[in-house]
Amino acid sequence: MTKAILNQADIPRKWYNLASDLPIPPLPYLGPDGQPVTPEMMAAIFPMSLIEQEMTAQAEIDIPEEVLAILAKWRPSPLHRAVALEKALGTPAKIFYKNESVSPAGSHKPNTAVAQAYYNKKAGIKRLTTETGAGQWGSALAFACSQMGIECKVFMVRISFDQKPYRKVMMQTWGAECVPSPSMETKLGRKILAEMPDTPGSLAIAISEAVEQAVTDEKGETRYALGSVLNHVMLHQTVIGLETKKQLKMFGIDNPDIVIGCAGGGSNFAGLAFPFMRDKINGADIEIIPVEPASCPSLTKGKFLYDIGDMSGMTPLMAMFSLGHTFIPAPIHAGGLRYHGMSPLVSQTVVEGLASPLSLDQLECYKAAMLFAQTEGLIVAPETSHAVAAAVREALKAKEEGKEKNIVFNLSGHGLMDLKGYQSYMAGELTSHVLQDKEVEGLLADVKGFPEAEIRRSGRWN
Ligand SMILES: *Cc1c(COP(=O)(O)O)cnc(C)c1O
């Protein structure tokens with residue numbers, strides 16, 4: 001057997017909230033005054049139903065029927081065993097991948113986009129604004145809004161807007177509007193363009209623009225949607241891991257040895273890993289690895305502190321691993337991983353030692369992605385290549401140790417809209433890029449003035 005296919009009736013009916021099981025919950029979000037933000041303060045940006053999910057301590061939350069009906073267009077997604085890759089590596093390990101590339105937008109992102117569009121529509125919202133890096137989130141939200149019959153406006157990081165014209169066409173095909181960020185449409189965008197007319201942009205800038213446009217809608221009919229980082233996004237993605245657990249059982253596996261996901265804001269990693277983390281908290285022996293680019297290493301080189309999620313402080317202060325909100329990452333191709341911060345929930349799992357982060361250089365990642373394409377056949381997204389490369393590393397380690405480990409990773413998306421990166425790699429034009437400690441120190445100097453985030457751990461895993 002090389003793939004496990006579930007029935008439509010096996011789509012999870014409830015999302016899983018890791019915060020309910022963590023020995024020490026994440027620190028609260030803070031306002032500019034250093035006081036915890038209240039739901040009312042967030043209501044200008046998000047509908048109350050999502051704010052409740054953001055703050056809930058409940059373990060399981062029902063997935064609305066209307067959301068399930070749309071998810072069922074591609075869920076449950078298949079879990080494959082990568083036999084050809086295993087053979088090429090000569091490893092005794094078994095490698096499994098959860099294929100989230102089968103969604104209409106080609107990644108895991110519609111799992112939360114559909115839920116967010118649904119709750120906004122239900123709250124009477126007519127229009128969502130958002131940012132996008134590589135274009136996957138923008139296209140996922142464009143798809144979801146078209147399903148729900150609401151408008152969608154996307155601020156796309158300039159460098160990706162230029163590098164990936166077809167993502168914009170996808171968004172437009174689903175009826176959304178897509179503009180490069182920084183743009184002339186917001187106060188912040190105009191300010192940045194005046195100071196740095198040639199900036200490649202950053203997710204932090206684009207987030208600020210999208211939030212600004214949502215909160216300045218005089219009719220109050222616009223809200224903002226974020227594709228990663230926040231607790232409710234991690235929550236919506238847990239369908240991935242919940243399905244994977246059932247599928248591994250079809251392969252006769254109760255608990256995998258190693259769980260891997262690439263990490264930008266943390267959502268596809270969390271989606272796969274959090275249901276397994278519940279088992280780990282209850283005593284299972286599972287190694288859980290978020291993988292990030294060496295050029296944007298928030299978990300491995302950043303600091304755990306209170307930082308804002310955008311460039312200008314439109315978001316609350318969040319306790320997370322960060323490289324500092326002024327970080328403008330090197331224009332490597334894994335656009336979706338170029339974010340200065342990290343999900344506060346994922347950050348707390350790293351503080352606890354429940355997850356053990358790894359950073360990889362893009363050359364190693366493309367090499368692994370090429371091998372994957374030539375064995376398993378799928379051309380993965382540049383972001384996903386980080387998970388592939390980590391799985392390859394672990395499989396080779398298992399070979400050295402002569403151990404039959406079970407490794408599962410999240411194939412978060414396909415790379416059919418990101419072929420430019422593959423082209424550059426094959427032409428030998430990509431270089432390795434590792435962010436140095438000195439650069440990180442300089443970046444973190446900008447975060448001064450925010451409250452300190454206390455490191456609190458139970459000591460059970462470190
Ligand atoms: C956006 C994206 C990522 C990174 O975002 P996370 O929130 O960390 O998951 C990874 N892979 C793909 C294919 C993406 O589109």
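Q: In which hand does helix 12 pass helix 13?
A: In this predicted model, the crossing of helix 12 past helix 13 is right-handed. The contact draws on Ile240, Gly241, Leu242, Thr244 and Lys245 from helix 12, and on Gly271, Leu272, Ala273, Phe274, Pro275 and Phe276 from helix 13.

Q: At what angle do helix 12 and helix 13 pack, and how far apart are their axes?
A: Helix 12 (residues 239–250) and helix 13 (residues 267–281) meet at an angle of about 60°, and their axes are 6 Å apart. Because of that angle, helix 12 is oblique to helix 13.

Q: Which residues of helix 9 and helix 10 meet?
A: Helix 9 (residues 187–195) packs against helix 10 (residues 203–215) at an angle of about 145°, with 8 Å between the axes. From helix 9 come Lys187, Leu188, Gly189 and Ile192, which meet Ile205, Ser208, Glu209 and Glu212 of helix 10. The residues of this contact divide into 3 nonpolar, 2 polar and 3 charged.

Q: In what order do the 7 strands of the open sheet stand?
A: Reading across the open sheet, the order of its 7 strands is 1-4-5-15-10-11-14, and their pairing is mixed. Strand 1 (3–4) and strand 14 (358–360) each have a single partner strand at the edges, so one side of each lacks a neighbour in the sheet.

Q: In which sense does strand 1 pair with strand 4?
A: The pairing of strand 1 with strand 4 (residues 79–81) is antiparallel and runs over 2 bridges. Within strand 4, His80 is the bridge partner of Lys3.

How values were computed: Residues are numbered from 1 along each chain as its sequence is written. This is a predicted model: local features need pLDDT of at least 70, side-chain atom pairs count only at pLDDT 80 or more; totals for chains, interfaces and linings use all residues. Two strands pair if DSSP finds at least two bridges between them. Helices (H or I, at least four residues) and strands (E, at least two) are DSSP runs, numbered from the N terminus. Axes are lines fitted to C-alpha atoms, for helices over the stretch in contact, and angles run from 0 to 180 degrees between N-to-C directions. Angles under 35 degrees count as roughly parallel, over 145 as roughly antiparallel, 65 to 115 as roughly perpendicular and the rest as oblique. A crossing is left-handed if the near helix is turned anticlockwise from the far one by less than a right angle, and right-handed if clockwise. Two residues are in contact if their C-beta atoms, placed from the backbone, lie within 7 Å. Ala, Val, Leu, Ile, Met, Phe, Trp, Tyr, Cys and Pro count as nonpolar, Asp, Glu, Lys and Arg as charged, and the others, Gly among them, as polar.
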